[in-house]
Amino acid sequence: MLVTDVGFIVYWIIVGLHLIPKEFLYKDYDNELLVAWNMSFIPLDLVISWTGLLSLYMYKRKLASWSSLCMISLSLTFCSGLQAIAFWALRHDFDPFWWIPNVFLLIYPLFFIPKLMRASLAAQ
C-alpha cells in the first residue's frame with residue numbers, strides 16, 4: 001500500500017513536470033479532452049494517497065480508526081483502476097504500459113478488502 005500511495009504522488013509529479021518520454025505517452029496524448037480526462041484523476045489519486053498514508057501512520061500508532069481509512073483508500077484505488085481500464089477498453093486501446101499499472105490498481109485491493117472486512121466483523 002505504501003508503494004502504491006507514494007507511487008500516485010510520484011506519478012503526478014512526473015506528469016506535472018512532463019517527464020514521461022513521448023514514446024510512453026498514451027494514444028492521442030495531444031488531445032485536450034484526453035489530457036483533461038487524465039488530469040481529472042488527480043483529486044481521486046491524491047485522496048487515495050492521503051487516506052492510505054494516514055491509515056498506515058494510524059496503524060503504527062495503534063489507532064483503531066486506521067482500518068476505516070485503509071478501506072476507503074483500497075476502495076478508491078480499485079475505483080481508480082476500474083475507471084482507467086474501462087476507458088481504455090472502450091477506446092480499444094490496449095497499451096500494456098497503461099494497462100498493467102491500472103490492472104494492478106484494480107486487483108491488489110481485492111486481496112486486502114476481504115481481510116479488513118472479516119477483521120472488522122470479528123471486532124464487533
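Predicted model: local features only at pLDDT ≥ 70, side-chain atom pairs only at ≥ 80, totals over all residues.
Modeller: Residues are numbered from 1 along each chain as its sequence is written, and side-chain values use heavy atoms, with hydrogens and water left out.

Colleague: What makes the contact of lysine 22 and aspartate 30 a salt bridge?

Modeller: The term requires a side-chain nitrogen of Lys or Arg within 4 Å of a carboxyl oxygen of Asp or Glu. The N to O distance for lysine 22 and aspartate 30 is 3.6 Å, so the pair qualifies. The whole structure holds two salt bridges.

Colleague: Why is lysine 22 called exposed?

Modeller: Relative accessible area over 50% counts as exposed, under 20% as buried, and values in between as partly exposed (1.4 Å probe, protein chains only). Lysine 22 has 58%, and is therefore exposed. Aspartate 30, at 64%, is exposed as well.

Colleague: Which parts does the salt bridge of arginine 91 and aspartate 28 tie together?

Modeller: These two side chains meet at 2.7 Å, N to O. Arginine 91 lies in the loop between α4 (66-90) and α5 (96-107), and aspartate 28 in the loop between α1 (2-16) and α2 (32-39), so the pair joins parts 63 residues apart in sequence. Helices here are DSSP runs (H or I, at least four residues), numbered from the N terminus, and strands are E runs of at least two. Arginine 91 is partly exposed at 26%, as is aspartate 28 at 42%.

Colleague: How many aromatic pairs are there, and why is that of tyrosine 59 and tryptophan 66 called edge-to-face?

Modeller: The count is 13. Rings of Phe, Tyr and Trp (its six-membered ring) pair if their centres lie within 6.5 Å; planes under 30 degrees apart are stacked, over 60 edge-to-face, and the rest tilted. The centres of tyrosine 59 and tryptophan 66 are 4.7 Å apart and their planes stand at 70°, so the pair is edge-to-face. Phenylalanine 87 and tryptophan 88 are also edge-to-face, at 5.2 Å and 75°. Tryptophan 88 is buried at 3% relative accessibility.

Colleague: How do you know that cysteine 70 is too far from cysteine 79 for a bond?

Modeller: A disulfide needs two cysteine sulfur atoms within 2.5 Å. The sulfur of cysteine 70 is 15 Å from that of cysteine 79, the closest, and is therefore too far for a bond. The disulfide count is zero. Cysteine 70 is buried at 7%, whereas cysteine 79 is partly exposed at 35%.
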